[in-house]
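Me: I'm new to this one. Can you walk me through it?
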Amino acid sequence: MQLVTNEDGEQRWKRVEVRVEDHVNVPVFPAGMSPEFYDKCLDDYLSKIAMENLPQSRPLWEIHIIKYPTSHAAGNVIFKLHHSLGDGFSLMGALLSCLQRADNPSLPLTFPSVQLHANKDGENFSMRRTLHKIFSTVYNTASDFSSSILKSCSAEDDETPIRTGQHGVEFLPVGIETMTFSLDHIKQIKSKLGVTLNDVITGTIFLGTRLYMETLSPGSGSANSTSLVLLNTRVFAGYKSIEEMVRPNAELPWGNNFAFLTIPLPKLRDAGAENPLQFVFKARQIIKRKRMSSFAVYLTAKYLQLVSKFRGAQGASKYIHGTMMNTSMGITNVMGPIEQMALASHPVKGLYFVVTGAPQGCQDHHITLLPSLMVGVISYAGKLKVALMVEKDFIDPRKLKSHIEHAFDLIFKAACSTRTSPLPN
């Protein structure tokens, strides 16, 4: 499918013939060099293709095959997919359709179970408590939705070591760094603190980012900074095949079904750098309140759909662009398989993803121009894979990675060595 514009300026999808050779790229680097040399080649190549526009004359996707050994793998395959094709849920479902289990291709891939939040107090609600919950939900929804609109218009974060506050960030080169965490260790923290896996990794990223900021600019660890969390608005029940998602009235339809959740980064002076667990607790409290006692996430998604319907893709892009430009960082995550996968019988050692923001975003459909720091998180084969995409020459990706890894060590040691009472639900 190709996105085309008709005489009235309306964009629509048009079925076209695909020439695979136009979409597959195999770069050539100097032969016989060391893995460290190819690490640098891969980093430079990723930065280059992240900033390049996908050609508008053909379907908006590319595959890049790197046939050189790096320090982490014998080769790399990069899928570059335009966000107008679909959100993370849709594109992950399409990608998984091309892969099989490495141990037994005849068996389906499986995914971690998703536990919905349940009320542990049973059905014993007093009328007073029920009314309080209703009014609280209405208030929180109105507050969060209005904050979301303001964030897209005028409510800017402070300028810090992770936010320049300048326009045109999307035109600048980017750097990409990756890291891996043990899901077993994350589950230990989760069990000790009575929180979720998302709470642990979000608290870790927030603490590591604040420590990085404070190191580069003392005092900025307590600056006014927010993170934009991109959320899938479907009820997750496992990925579906492309055929299932494109059916009329599909339960989990193909397309862009996402919304934003604005999360203030806990401040070092409030959370206390000496107590790293507070970053996990504060992340949990904020996210739980916004997701469980507010419908602002769904209102934002509906608002975005209405803007797109009545003002076109340009209007939707403008709203998203304003929101992104006024925040300090963005986080998005998707769920990967429990088993190791294989591509054409080649075992897949690692799986990472990140949302890029090339300048074409203002012209196309539902594309975001991103802040100086974007984080992509995916679970895969017992590990949690994290990718950092940063504005090159402004944020030091290796130093930021070091601080986030240090933050995880602090949280893990604190959770395992102290008797911490689980946070009440």
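Me: Let's start with a helix pair. Which residues in α4 meet which ones in α10?
Reply: A quick note before that: this is a predicted model. On the α4 side, the residues are H185, I186, Q188, I189, K192 and L193. They meet F408, I411, F412, A415 and C416 in α10.
Me: What's the make-up of that contact by class?
Reply: The contact of α4 with α10 has 8 nonpolar residues, 2 polar and 1 charged.
Me: Where do those two helices sit in the chain, and at what angle do they pack?
Reply: α4 covers residues 183–193, and α10 covers residues 397–417. They pack at an angle of about 45°. Their axes are 9 Å apart.
Me: New topic, sheets. What is the strand order in the one with β4?
Reply: The order is β3-β4-β5. This is an open sheet of 3 strands, and its pairing is mixed.
Me: Which strands are at the edges there?
Reply: β3 (24–25) and β5 (76–81). Each of them pairs on one side only.
Me: How many bridges join β4 to β5?
Reply: 6 bridges. β4 spans residues 61–66, and the two strands run antiparallel. Within that pair, E62 stands opposite K80 in β5.
Me: Which helix lies across that sheet?
Reply: Helix α1, residues 35–51. α1 lies across β3, β4 and β5, and runs at about 10° to β5.
Me: What about the sheet with β11? What's its order?
Reply: β6-β11-β12. It is an open sheet of 3 strands, with antiparallel pairing. The edge strands are β6 (100–101) and β12 (346–347).
Me: How many bridges join β6 to β11?
Reply: 2 bridges, and those strands run antiparallel. β11 is residues 341–343. R101 stands opposite M341 in β11.
Me: Zooming out, how many helices and strands are there?
Reply: The protein has 10 helices and 14 strands.
Me: How much of it is buried?
Reply: Buried residues make up 48% of the 425 residues.
Me: Last one. What share of the contacts with a separation of 6 or more is between residues 24 or more positions apart?
Reply: That share is 76% in this protein.

Technical notes. Residues numbered from 1 in each chain as written. Predicted model: local features only at pLDDT ≥ 70, side-chain atom pairs only at ≥ 80, totals over all residues. Heavy atoms only, no water. Pairing = 2+ DSSP bridges. Helix = DSSP H or I, 4+ residues; strand = E, 2+ residues; numbered from the N terminus. Axes fitted to C-alpha atoms, helices over the stretch in contact; angles between N-to-C directions. Contact = heavy atoms within 4.5 Å. Nonpolar A, V, L, I, M, F, W, Y, C, P; charged D, E, K, R; others polar. Buried < 20%, exposed > 50% of the residue type's maximum accessible area, 1.4 Å probe, protein only.
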